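Welcome! Take a look first, then try each task before reading its solution.

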Amino acid sequence: MKVGLIGGTGGMGEGFALRWSSKHDILVGSRDVQKAKDAANNYLRTAQNFYGDQMNGNIIGDENLAIARKSDILLLSIHYENIEDTCKRLSNHLSDDCIVISPIVPMKRTQSGFVYTPIEDAKRSAAETVAAHLESFRIVASFHTISEARLKNLHESLDSDTFVCGDDKDALVTVNNLISEIPGLRHIYLGPLSIAYQAEILTPMLLNSAHRNKIKNPGIRIV
Ligand SMILES: NC(=O)c1ccc[n+]([C@@H]2O[C@H](COP(=O)([O-])OP(=O)(O)OC[C@H]3O[C@@H](n4cnc5c(N)ncnc54)[C@H](OP(=O)(O)O)[C@@H]3O)[C@@H](O)[C@H]2O)c1
């Protein structure tokens, strides 16, 4: 499968590229072609060192729109503020059956701690904002509470759960399989995309509790 990472040069993009390149071809996207190629080359070196002969995928970099055209799965590794502009640019470039993944968490830091901004600003969740701009595509929301540091460290098991929201059964199965390929990560179905805010809002909660209780790289596990 070809997995495209829009904004793949960022922290989460690096983690997904490293984890999924053992099986899949990873297309690292950026607004800047050279930045994408440099990041992809760095990720490839790390992945090849770790997986050796067991690595079945490749990692290449290109401009966001170019990778969107080739992707079976497209993960939006960008911030909430950039959804509208990015999705408008992407919408005419995705293949009809492309599955779009949103790990996006709208939040900001205030004097009280991290807060979930759609509540304060009376706006839509990140997942619903993506869906509004990519109407004809299957959207799945997940990975909101994954620690970037743990995701990037190939020697570490995630040892946590991630909630999954979406409206298309086949898309959910595909994304669940990708989740299961990351060691120690379990998918927990939460419901339709309309309640993805319940997964997104966990991230500021998790970060506040981690900061105030000195917990490093926190995650969530349902027992
Ligand atoms: N970090 C975490 O632990 C974590 C955990 C769970 C979920 N998330 C969510 O995952 C998403 C990515 O997080 P991250 O930590 O990887 O962020 P990041 O390191 O800041 O990377 C975001 C990427 O977005 C791109 N970008 C910046 N400005 C842009 C613009 N105006 N338009 C389009 N693209 C732009 C950049 O790529 P180019 O400059 O190369 O285009 C950048 O590499 C966020 O929504 C975050 O809420 C993060």
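A crossing is called left-handed if the near helix is turned anticlockwise from the far one by less than a right angle, and right-handed if clockwise. Helices (H or I, at least four residues) and strands (E, at least two) are DSSP runs, numbered from the N terminus. This is a predicted model: local features need pLDDT of at least 70, side-chain atom pairs count only at pLDDT 80 or more, and totals for chains, interfaces and linings use all residues. Residues are numbered from 1 along each chain as its sequence is written.

**Exercise 1.** Describe how helix H4 meets helix H6.

*Solution.* 
- Start with the geometry: H4 (residues 83-90) and H6 (residues 126-133) pack at an angle of about 30°, and their axes are 9 Å apart. Axes are lines fitted to C-alpha atoms, for helices over the stretch in contact, and angles run from 0 to 180 degrees between N-to-C directions.
- Next, the handedness: H4 passes H6 in a right-handed crossing.
- Now the residues: Ile83, Glu84, Cys87 and Lys88 of H4 meet Ala126, Thr129, Val130 and His133 of H6. Contact requires C-beta atoms, placed from the backbone, to lie within 7 Å.

**Exercise 2.** In which order do the strands of the open sheet lie?

*Solution.* 
- Read the order as E3-E2-E1-E4-E5-E8-E9-E10, 8 strands with mixed pairing. Two strands pair if DSSP finds at least two bridges between them.
- Find the edges: E3 (59-63) and E10 (185-191) each pair on one side only.
- Look at one pair: E2 (residues 25-30) and E3 run parallel over 5 bridges, and Ile26 has Ile59 in E3 as its bridge partner.

Note on methods. Two residues are in contact if their C-beta atoms, placed from the backbone, lie within 7 Å.
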